[in-house]
Amino acid sequence: MGKHVAHIVWDWNGTLLHDIDAVMSATNASFAEIGLAPLTLERYRELYCVPVPLFYERLLGRMPTDTEWAAMDAAFHRHYWAMAEGVGLAVGARELLADWQAAGLTQSLCSLAPHERLVPLVRTHGIERHFVRVDGRTDQGHSGKTRQMVRHLTALQGVSPERVVVVGDAVDDAAAAAAAGAHAVLYTGGSQSRSSLEAAGVPVVDSLLEATELARTLAGKRPVNGLN
């Protein structure tokens, strides 16, 4: 395969999986555990950041205590995973994945969702066959995506970082791509506002179709780290 042919690394939550409603419901359930008022989607997208404890710090004006964090984290995951199987893919995602593969191009999936939960969900949606690799989180940390992205790209066979385009919905995806020497395109359908995404200094799009079109043009160019 040519050195300028794009390989897409897809994010899962908020990108391929349109789960923002489930995330909002679970987030507000977690807030109720410590008496916080519910958030609107607009406010959530304005404040959201990774690692997640910093998101809570923005809301509380301080870091949550260990007891608060444990209660909120447990409530979020209890509510989120109860809804996750009923969540659909983003508009056009299934067709885009199939078309990308049919064109002889490769793609993979790198997510902070727990690996043991991610893989069955991907299979449930019938899209596993489109990916050359699927990696979810295998540890219990909340340190963000950079280390995982570097491992993911290292494990890909015959794929040079300069032709990799990471498609995600958060600034953390752009930071992880930059650390791995790859490009990034950020999608507005997930966890962060357009203004937050634009601060990353990489292309921002409103549809996954736009993301795939950009991926073709970015492949082989020298990645620019807009976060510096």
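Biologist: What does the side chain of Asp-11 make a polar contact with?
Modeller: In this predicted model, one partner is the side chain of Thr-15, at 2.8 Å. The side chain of Lys-145 is another polar contact of Asp-11, also listed at 2.8 Å.

Biologist: And where does Asp-11 sit?
Modeller: Asp-11 lies in the loop that runs between strand S1 (7–10) and helix H1 (20–32).

Biologist: Is Asp-11 buried or exposed?
Modeller: Asp-11 counts as buried, because its relative accessibility is 7% and the cut-off for buried is under 20%.

Biologist: Which residues does Asp-11 touch, leaving out those up to four places away in sequence?
Modeller: Asp-11 touches Leu-16, Leu-109, Cys-110, Lys-145, Val-167, Gly-168, Asp-169 and Asp-173.

Biologist: Changing topic. What volume does the largest pocket have?
Modeller: The volume is about 850 Å³. The pocket is lined by 40 residues, and those closest to its centre are Asn-13, Tyr-48, Val-52, Leu-112 and Ala-113.

Biologist: Which elements give two or more residues to that lining?
Modeller: They are H1, helix H3 (52–60), helix H4 (66–84), strand S2 (106–114), helix H7 (146–155) and helix H8 (171–179).

Biologist: Which one gives the largest share?
Modeller: H4 does, with 6 residues.

Biologist: How many of the lining residues are nonpolar, polar and charged?
Modeller: The lining of the largest pocket has 17 nonpolar residues, 12 polar ones and 11 charged ones.

Conventions: Residues are numbered from 1 along each chain as its sequence is written. This is a predicted model: local features need pLDDT of at least 70, side-chain atom pairs count only at pLDDT 80 or more; totals for chains, interfaces and linings use all residues. Side-chain values use heavy atoms; hydrogens and water are left out. Helices (H or I, at least four residues) and strands (E, at least two) are DSSP runs, numbered from the N terminus. Buried means under 20% relative accessible area, exposed over 50%, partly exposed in between (1.4 Å probe, protein chains only). A polar contact is a pair of N or O atoms within 3.5 Å; within protein, one must be able to donate a hydrogen and the other to accept it, and residues adjacent in sequence count only if both atoms are side-chain atoms. Contact means heavy atoms within 4.5 Å. On a 1 Å grid over the protein atoms alone, a cavity is a set of points where a 1.4 Å probe fits but cannot get out, and a pocket is an open set with protein on both sides within 12 Å along at least five of seven lines; lining residues have an atom within 4 Å of a point. Grid points are joined across faces, edges and corners, and a volume is the space filled by probe spheres set on the points. Ala, Val, Leu, Ile, Met, Phe, Trp, Tyr, Cys and Pro count as nonpolar, Asp, Glu, Lys and Arg as charged, and the others, Gly among them, as polar.
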